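Please examine the sequence and the structure shown below. The paragraphs that follow lead through pockets, helices, loops and a few individual residues.

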Amino acid sequence: MKALILAAGYGSRLAPLTDSIPKSLVPVNGKPILFKQLENLYDNGITDITVVSGYRANMLEAAVHDSFRDVNIIESVDYRDTNNMYSAWLAREAMGDDDFLMMNADVFMDASVIEALLAFDAPNAIVTDIGFYLEESMKVIEDKNGRLTHISKQIPPEEALGASIDVYRFSAAAGAAFFRKCAEYIEEKGERKLWSEVALDAILPEVVFRACPLNGRWYEIDNHEDLAAAERIFADE
């Protein structure tokens, strides 16, 4: 099992903190968000990890390799003009023909989230905070057979099973389908500013994904209010 962390973004809503450091290195109670994710993966035996950097890439690489020497880092030099689907696509060769986890580098969470996802009895899964609805989060729809049929920010409350926490598990076959769809958008259609979830949503009719119930705490950090809330929730970290 490999892991892919998408960490190219600037994080303008966390300025002035992000004027000098990448969003993924913003600390929660002293621990950078990205470091918490890396620790979570190592705690669960996943050490083949790729991080896609962008904004202040040199700083991110130096900080990561100072503590996690074996982490592979791919720089997205076009981060200003792209979105995280493009970042994921850059890592297609690094993921190869292996199963992998994928996550955005702005989610602070417990290691138990990864533990539950690895133990979940489906090869392809989206960690879902079932029953939770947040306008800004990706939401998922589940059919009567437990198969996920849609992931989008635009899903209304009455249709949503819950919110995705932006942590995904792909089998090798699902990963191949995902990267083919990324290539279709990026190489054939010239779409470089799409969310990775657009490609994921597009493969749901052909690849079975299920909702892995959240086991633990999480918080997506986009602005200063989010950061303050995360520091309260994870005060024991």
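Strand S13 (residues 218–220) supplies the largest share of the lining of the second largest pocket, namely 3 residues. Strands (DSSP runs of E, at least two residues) and helices (DSSP runs of H or I, at least four residues) are numbered from the N terminus. A pocket is found on a 1 Å grid over the protein atoms alone: it is an open set of points where a 1.4 Å probe fits, with protein on both sides within 12 Å along at least five of seven lines, and its lining residues have an atom within 4 Å of a point. The model is a predicted one, in which local features need pLDDT of at least 70 and side-chain atom pairs count only at pLDDT 80 or more, while totals for chains, interfaces and linings use all residues. Residues are numbered from 1 along each chain as its sequence is written, and side-chain values use heavy atoms, with hydrogens and water left out.

The lining of the second largest pocket consists of Phe132, Leu134, Glu136, Ser137, Trp218, Tyr219, Glu220, Asp222, Asn223 and Asp226. These residues divide into 4 nonpolar, 2 polar and 4 charged. In this division Ala, Val, Leu, Ile, Met, Phe, Trp, Tyr, Cys and Pro count as nonpolar, Asp, Glu, Lys and Arg as charged, and the others, Gly among them, as polar. The space in the second largest pocket is about 190 Å³; such a volume is the space filled by probe spheres set on the grid points, which are joined across faces, edges and corners.

The discussion now turns to the largest pocket, whose volume is about 720 Å³. It is lined by 29 residues, of which Gly9, Lys23, Asn83, Asp106 and Trp195 lie nearest its centre. At least two residues of this lining come from each of strand S1 (2–7), helix H3 (84–90) and strand S11 (162–170).

Which side chain makes a polar contact with the side chain of Asp106? That partner is Lys23, at 3.1 Å. A polar contact is a pair of N or O atoms within 3.5 Å; within protein, one must be able to donate a hydrogen and the other to accept it, and residues adjacent in sequence count only if both atoms are side-chain atoms. Asp106 occupies the loop between strand S6 (100–104) and strand S7 (107–109), and it is buried, with a relative accessible area of 10%.

Another loop, between S1 and strand S2 (27–28), contains Thr18. Thr18 counts as buried because its relative accessibility is 0%. Its side chain reaches the backbone oxygen of Gly11 at 2.7 Å, and a polar atom of that side chain lies 3.3 Å from the backbone nitrogen of Ala15. Ala15 is joined to Pro16 by a cis peptide bond, with omega of about 5°. Pro16 is likewise found in the loop between S1 and S2.

Two residues other than glycine have a positive phi: Arg56, near 50°, and Asp166, near 65°. Arg56 lies in the loop between strand S4 (48–53) and helix H2 (57–67) and is partly exposed, with a relative accessible area of 36%. Asp166 is placed in strand S11 and is buried, with a relative accessible area of 6%.

Finally, the cysteines may be considered. Cys182 is buried at 0% relative accessibility, and Cys212 is buried with a relative accessible area of 2%. The structure holds 0 disulfides, a disulfide being a pair of cysteine sulfur atoms within 2.5 Å.

Technical notes:
Buried < 20%, exposed > 50% of the residue type's maximum accessible area, 1.4 Å probe, protein only.
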